[in-house]
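Subject: Structure handover and findings

Hello,

Please find the structure below, with its sequence. My notes on what was found in it follow.

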Amino acid sequence: MKKLILGPMATLSHEAFRRCVESFGGCDEYFTEMINVSSLLTKGPFEKYYLINETSPQKIVWQLTGNNEEVIPLAVKELKPLGGLGIDLNMGCSAPQIYKTGAGISWMTKPVEITKKLVRNTKDEIEKNKFDNGTSFRLSVKCRLGKDDFTDEDFFSFTDMLVENGVDLITIHPRTMKEKMRGKPKYLYAEKLCERYKKQNVMIYVNGGIKDSGSKNECESLCPSVDGFMISQQAAITPWIFAQLNNLKQTIDRKQVALKFIDDVVKYQPEEFIKTRIQRFFYYYCTQFKFGHYFQTQVLNFKSVEECKNRINEYFEKQSEEQFLQIGS
């Protein structure tokens, strides 16, 4: 059975969102949003909120970001007491504010010896910080294909380096740096990675473009050997996407989903983050509805949490037929 994974999304893959997804049956793994290692190590005022893992803590994968190959590995020791499945190195984020700092996809463009040192140092820290039962964090990397002018030789040379230095899992978002979320993902590269590393027992996850059973089946037809399917933005639109893919029969109260999410953001996020976290979720969530643009405008422009809740209630009073959704057979 192939795994279903919630992908790492900045300002979205936090405890409140995981609780929302888990309420429908959840998924096999939850990647956290990017954790800035420098802030983590200096005990920044907000870092503790990134580390909350009450929802299925055994399924958590900690995603790390930063621009220093000596500093990033030091996070392993800090995260060990929290447990979880693994450590993930973000080498795929192409957002300009991340890339320009030397983080994210910059690791695919730096001199290979620098990136190799990051991977090797992180693997060494993982080996030094084994759990009491003798197991250790899994080491993974999430990456893209590279720049728009990437070549197969460059890409596979990069992934070979990852594997040779101890990476256990590669998640490939098979688009280039500038494609971001545009264009059809090049799923065949995920299958090529599976073939290339099957003797080394390296796992391959594929990310990008999966919105429903049909698109998942299309993806699987092109990369049948992958170990898992990672879903990101679609989970914010329909947090029950994993239940749908597992054909679980449920009645979804879409109004209550929205209201409960707000309550959990208030509970699990600092006051300074509440508004932006709510806005980020509803930017996606509202798009599934008949009058999605209107609903989105109403919900995103709020001055208080109560006002936001009132606007949600008002929408479903007017569009009562949209409140309940049946999934599964």
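A cavity here is a set of points, on a 1 Å grid over the protein atoms alone, where a 1.4 Å probe fits but cannot get out. A pocket is an open set of such points with protein on both sides within 12 Å along at least five of seven lines, and lining residues have an atom within 4 Å of a point. Grid points are joined across faces, edges and corners, and a volume is the space filled by probe spheres set on the points. By this rule there is one cavity of 30 Å³ or more.

Two notes on the basis of the values. The model is predicted, so local features need pLDDT of at least 70 and side-chain atom pairs count only at pLDDT 80 or more, while totals for chains, interfaces and linings use all residues. Residues are numbered from 1 along each chain as its sequence is written, and side-chain values use heavy atoms, with hydrogens and water left out.

The cavity

The largest cavity holds about 50 Å³ of space. Its lining consists of Tyr294, Phe295, Gln298, Arg311, Glu314, Tyr315 and Lys318. Helices and strands are DSSP runs numbered from the N terminus (helices H or I, at least four residues; strands E, at least two). On that numbering, α14 (292-300) and α15 (305-318) each supply at least two residues of the cavity lining, and α15 has the largest share, with four residues. For the classes, Ala, Val, Leu, Ile, Met, Phe, Trp, Tyr, Cys and Pro count as nonpolar, Asp, Glu, Lys and Arg as charged, and the others, Gly among them, as polar. The cavity lining has three nonpolar, one polar and three charged residues.

The second largest pocket

This pocket has a volume of about 310 Å³. It is lined by 18 residues, and Met108, Thr109, Asp154, Phe155 and Phe158 lie nearest its centre. The elements that give two or more residues to the lining are α6 and α7. The most comes from α7, with five residues. By class, the lining has nine nonpolar, five polar and four charged residues.

Helix α7

What is the span of α7? The helix covers residues 152-164, and at 1.5 Å a residue its 13 residues should span 18 Å, which agrees with the 18 Å between its end C-alpha atoms. The expected span is 1.5 Å times one less than the number of residues.

Buried means under 20% relative accessible area, exposed over 50%, and partly exposed in between (1.4 Å probe, protein chains only). In α7, the buried residues are Phe155, Phe156, Phe158, Thr159, Asp160, Met161, Leu162 and Val163. Among the elements that cover them are β5 (86-91), α6 (112-128), β6 (138-143), β7 (169-172) and α8 (188-197). Just after α7, Gly166 takes a positive phi of about 105°.

Cores and α1

A nonpolar core is a set of buried Ala, Val, Leu, Ile, Met, Phe, Trp, Tyr and Cys residues joined through side-chain atoms within 4.5 Å. The largest has 97 residues, of which Met91, Phe282 and Ile312 touch the most other members. Helix α13 (residues 271-285) gives the most to this core, with seven residues. A second, separate core of six residues includes Phe31, Val61, Tyr205 and Met230.

Helix α1 (residues 15-22) is mostly covered, with six of its eight residues buried. These are Glu15, Ala16, Phe17, Arg18, Cys20 and Val21.

Loop residues

- Asn201, in the loop between α8 and β8 (203-207), has a positive phi near 60° without being a glycine. Its relative accessibility is 64%, so Asn201 counts as exposed.
- Asn247, in the loop between α11 (241-245) and β10 (250-253), also has a positive phi, of about 55°, and is not a glycine. Asn247 is partly exposed, because its relative accessible area is 44%.
- Lys178, in the loop between β7 and α8, is exposed at 57% relative accessibility. Lys178 and Asp148 are 30 residues apart in sequence, with their C-alpha atoms 6.5 Å apart.
- Gly83, in the loop between α4 (75-79) and β5, is buried at 18% relative accessibility. Its C-alpha atom is 6.9 Å from that of Gln58, 25 residues away along the chain. With contact meaning heavy atoms within 4.5 Å, Gly83 touches Trp62, Phe131 and Phe137, not counting residues up to four places away in sequence.

Regards
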